[in-house]
Amino acid sequence: MAEPIAQPASAPQASGVSTPVRARIDRRSVPISERVIEFGLFLAGASGVLVTVLIVGTLVYEAVGYFREVPILDFLTGTSWGPQFVPASHGVLPLIAGTLVTTLVALLVAVPVGTIVALWLSEYAPTKLRESVKPVLELLSAVPTVVFGYFALLFVIPILQTMFGWVGYELGGFNMLGAGLVMGIMIVPYVASLSEDAMRAVPKSLREGAYAMGATKFQTCVQVVFPAALSGITAAYILAVSRALGETMIVVVAAGGQPNFTMDPLQQAQTLTAYIASVAKGDLPVGSIGYRAIFAVGLTLLVMTLFFNVGGHWLRQRYKEAY
Amino acid sequence: MTSANVSNLQVGNAGDRQRAVEVVVPTHGRDVSGTIAAVDSRAASSSQSASLVKAEVRGLDFYYGKFHALKNLNLAIYDKKITALIGPSGCGKSTLLRCFNRMHDLYPDTKYSGEIVLHPDGLNLVGPGIDPITVRMRISMVFQKPNPFPKSIFENVAFGPRLRGIKGKDALEAEVQRALKGAALWEECKDRLQDNAYRLSGGQQQRLCIARALASDPEVILFDEPTSALDPVATLRIEELMRELREKVTIIVVTHNMHQASRVSDYTAFMYLGELVEYGETPQIFQRPKKTMTEEYISGRFG
Ligand SMILES: Nc1ncnc2c1ncn2[C@@H]1O[C@H](COP(=O)(O)OP(=O)(O)O)[C@@H](O)[C@H]1O
Ligand SMILES: [Mg+2]
C-alpha cells in the first residue's frame, strides 16, 4: 500500500493539516509507487492493443500472400469456392451468401423476440418476476453454442422437415433456416438483456410525462420509452449482428458442409466461419494456397463485421439522446 | 423546530379546521354539499365573488403504503384562477397535486380516500371506479424538471392531440401552432419545428412542456415547481406565461418559492405535515395570515 499522502483523495486533508506547499512536496517525493502502477496499467492496456494488432497483422500478412496468387476481383466476384480442390476455385461469394442468409434468419428471430421480451421485462413484468427471469436469460447465454448446434440438428430441423412435409416440400437434414432460427434463439438473451437495460435507463420523468398526457401503458412504451432507449437498443442490435456473423458451431453442425451460392434459406450452405473451422484442422501445409485462403476468408469476415459495427455506431450516434 | 411550533401545528382539531374551512369555500355559484357549504358568507364574498369552483377536495386522505401522507384535506380550487400550494419540503404538496391527475396510480401500494370533485360535471377524480386515463385527458401536468420527449418539437406538442384521436396534417399543425402560441414559444420555434426538443434551452424546454400540456385542451393544469430548474429570467417568463394562461385554464402550482407564490397566485394554501394549515386569497395569506404557523413560514422562520 502506498503512503496515504500519495493518494489524491487524502491530499486535501493533508494540505488542511500541514501547509499546502508541504503537501505538494510530498506528492512529488513519493512518486515511485505511482509510477510503477502507472507503468503496469500502461502495459496491460498496451498488451490488449498489441494482441489486436498482431491478430490483424497476421490476417493481413497471410491474406496478402493469398491475393498475390489470386486476383482480388476473382475472389470477390467468383461464385464457386473450393481452393483446396483441383482445379481450385476462388470465389468467396458462396460463403458470404451463406453468412448473410443465416445472419438474416437469426436477426429475424432475435431482434423482434429480444425487443419484445425486453419491453415486457422492463415495463410490464412485476419486479419480482423480472428479477428471477433476467438471471435465467443470462444463463441461457452461457450455454455452449455447440449444444445449440445439436439442438438445431436433432430437434428443430426434424420439426421443420415435418412441417414442410405437410406442404409437400422435402427439406434437407442440413439447412440454413434451422441453423439461423436456433442462432436467433441463442442471440435473444443478448438483445433482451441489453435492450432491457437501455429501456430501464429511460428516466421515470419521461414515462410520467407520457402518462400525464393520458397515454396508456402501451402507448407510453411504444411512443416514448422505446424511442428514448433507441440508442442503447441499437447497441444491442449491433451486438446481435456481430454474434450472428461470427457464430461458428451452430452453422458447422446444422447448416451443411458445402459452399453453396444461394440466398435460399431452405438449402444447405457453408458460411465464412464454418469454412475456416472445417478446414483449419491442421492438415493443410503452412504457406499453401489453401492455408492462406483461410486468412483471406477471415479478413473478409473481419471487414464485414467492421462494416456493420461502424454502420451501427453511426446509427447510434444519430439516435443518441441527452435526456 | 421548537416546541412552540409544534403546538401551533395542531390544526387537526375541530375548532381550527372549522375556521380554516371557512375561507376555503365560497357560497356563490355552485351548491357545495354538506357542512362545508353551510359555512362562510363573508370571507369569499368580497373581491372573488365572480369566481366559480372548478374542483373541490373533500375529506381527502392519501397513503403511501402505511404512511398517511395527506390528512383530511378540504379545499376548493377556483375556476380560471391560480392556486399555489406552499409549505416546507415533504409536507405533501406534490402528493396532493398528483392526486388531481391520479399520478399515484402508476405506483403500487398507494391509496386515496375522500373525494376530489371536478366541476361542472361532478366527476370524482379519485373515485374507485374512475379510469385514471379519463382524468388525465382533462387535467394536464407540467413537471419540476423539463421532460420533453426525445422527439421533434412538433411531435412533442402533437403527442396529446394524437392520443385524443386528432389525425391529419392540417388539424395537427393547427393544434401545434395554437399550443405553441399559447406557451409563448411559437415565434422562437416556428422555423425549427422538426428540430429535436433537446436542442432548446432549459426555459424553452419547459415552455415546450407547457405547450404540450396545453395542446390537449385541459381544464386544469398542474405545475409541480415548474421553475426550480430554471434561471431567473426563464423563471419570470414562465410566471408571466402562467398569468396569461389563467384566462383559459385553472392552474394549481406547487412552489417552495414564497415570492413566486405571492407573485403569481390568486389563492394560496399552506400545508404542513400532510395537513392544510391555512387557505385563502394570496394577499390575505401573505399580509394577514391568521395562523401563527403560516406567518412564521412565510416570514422564513422555518421550513
Ligand atoms: N413514493 C413515495 N413513497 C413513500 N413516501 C413518499 C413517496 N413520495 C413522497 N413520500 C413522502 O410523502 C411526504 C410528502 O412528500 P411530497 O408530497 O413529495 O412533499 P413536497 O412535495 O411537499 O415536498 C414526504 O414525507 C415524503 O417522504
Ligand atoms: Mg415536491
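One caution before the details. The model is predicted. Everything I quote is computed from it.

Let me start with chain B as a whole. It has 303 residues, and 58% of them count as buried. The secondary structure comes to 13 helices and 10 strands. Now take the contacts in chain B with a separation of 6 or more. Of these, 66% are between residues 24 or more positions apart.

Next, the sheets. I begin with strand E3 of chain B, residues 82–86. How many of its residues are buried? The count is 5 of the 5, so E3(B) is largely enclosed by the rest of the structure. Look at the side chains in turn. B:Ile82, B:Ala84 and B:Ile86 point one way. B:Thr83 and B:Leu85 point the other way. Both sets are buried. The background here is simple: side chains in a regular strand alternate between the two faces of the sheet.

Which strands pair with E3(B)? One is strand E8 of chain B, residues 250–254. E3(B) and E8(B) run parallel and are joined by 4 bridges. If you want a landmark there, B:Leu85 has B:Val254 as its bridge partner in E8(B). Another is strand E9 of chain B, residues 267–272. That pairing is parallel too, over 4 bridges. Here the landmark is B:Ala84, which stands opposite B:Thr268 in E9(B).

Now move to another sheet in chain B. It is open, with 4 strands in the order E2-E1-E4-E5, and the pairing is antiparallel. Strand E2 (67–78) and strand E5 (123–124) stand at the edges. Why is one side of each left without a neighbour in the sheet? Because each has a single partner strand.

Strand E4, residues 110–118, pairs with E5(B) in the antiparallel sense, over 2 bridges. B:Leu118 of chain B stands opposite B:Leu123 in E5(B). The loop between E4 and E5 of chain B holds B:Pro120. Check the peptide bond there. B:His119 and B:Pro120 are joined in cis, with omega about 10°.

Chain A has a cis peptide bond as well. It joins A:Val86 and A:Pro87, and omega is about -5°. A:Pro87 sits in the loop between strand E1 (81–82) and strand E2 (89–90) of chain A.

Is B:Glu225 buried or exposed? Its relative accessibility is 11%, so B:Glu225 counts as buried, the cut-off being under 20%. B:Leu273 is in the loop between E9 and strand E10 (275–281) of chain B.

You will find B:Thr95 in helix H4 of chain B, residues 93–100. B:Thr95 has a relative accessible area of 8%, so it counts as buried. What does its side chain meet in a polar contact? The partner is the side chain of B:Tyr64, at 2.9 Å. Beyond its neighbours within four places in sequence, B:Thr95 is in contact with B:Phe62, B:Tyr64, B:Ala69, B:Leu70 and B:His104.

Last topic: the interface. Chain B contributes 26 residues and chain A contributes 20 residues. The area buried between chain B and chain A is about 1,900 Å². Carbon and sulfur atoms give 65% of that area.

How many salt bridges cross the interface? The rule finds 1. The side chains of A:Glu208 and B:Arg98 form it, at 2.7 Å from N to O.

Which elements of chain B give two or more residues to the side that touches chain A? They are helix H5 (132–138), strand E6 (139–142), helix H6 (153–163) and helix H9 (202–214). By residue class, this side of chain B divides into 15 nonpolar, 6 polar and 5 charged.

That is the tour. I am happy to take questions.

How values were computed. Residues are numbered from 1 along each chain as its sequence is written. Chains are lettered from A and ligands numbered from 1 in the order in which they are written. This is a predicted model: local features need pLDDT of at least 70, side-chain atom pairs count only at pLDDT 80 or more; totals for chains, interfaces and linings use all residues. Side-chain values use heavy atoms; hydrogens and water are left out. Contact means heavy atoms within 4.5 Å. Buried area is the accessible area (1.4 Å probe) that two parts lose on being put together, summed over both. A salt bridge is a side-chain nitrogen of Lys or Arg within 4 Å of a carboxyl oxygen of Asp or Glu. Ala, Val, Leu, Ile, Met, Phe, Trp, Tyr, Cys and Pro count as nonpolar, Asp, Glu, Lys and Arg as charged, and the others, Gly among them, as polar. Buried means under 20% relative accessible area, exposed over 50%, partly exposed in between (1.4 Å probe, protein chains only). Two strands pair if DSSP finds at least two bridges between them. A polar contact is a pair of N or O atoms within 3.5 Å; within protein, one must be able to donate a hydrogen and the other to accept it, and residues adjacent in sequence count only if both atoms are side-chain atoms.
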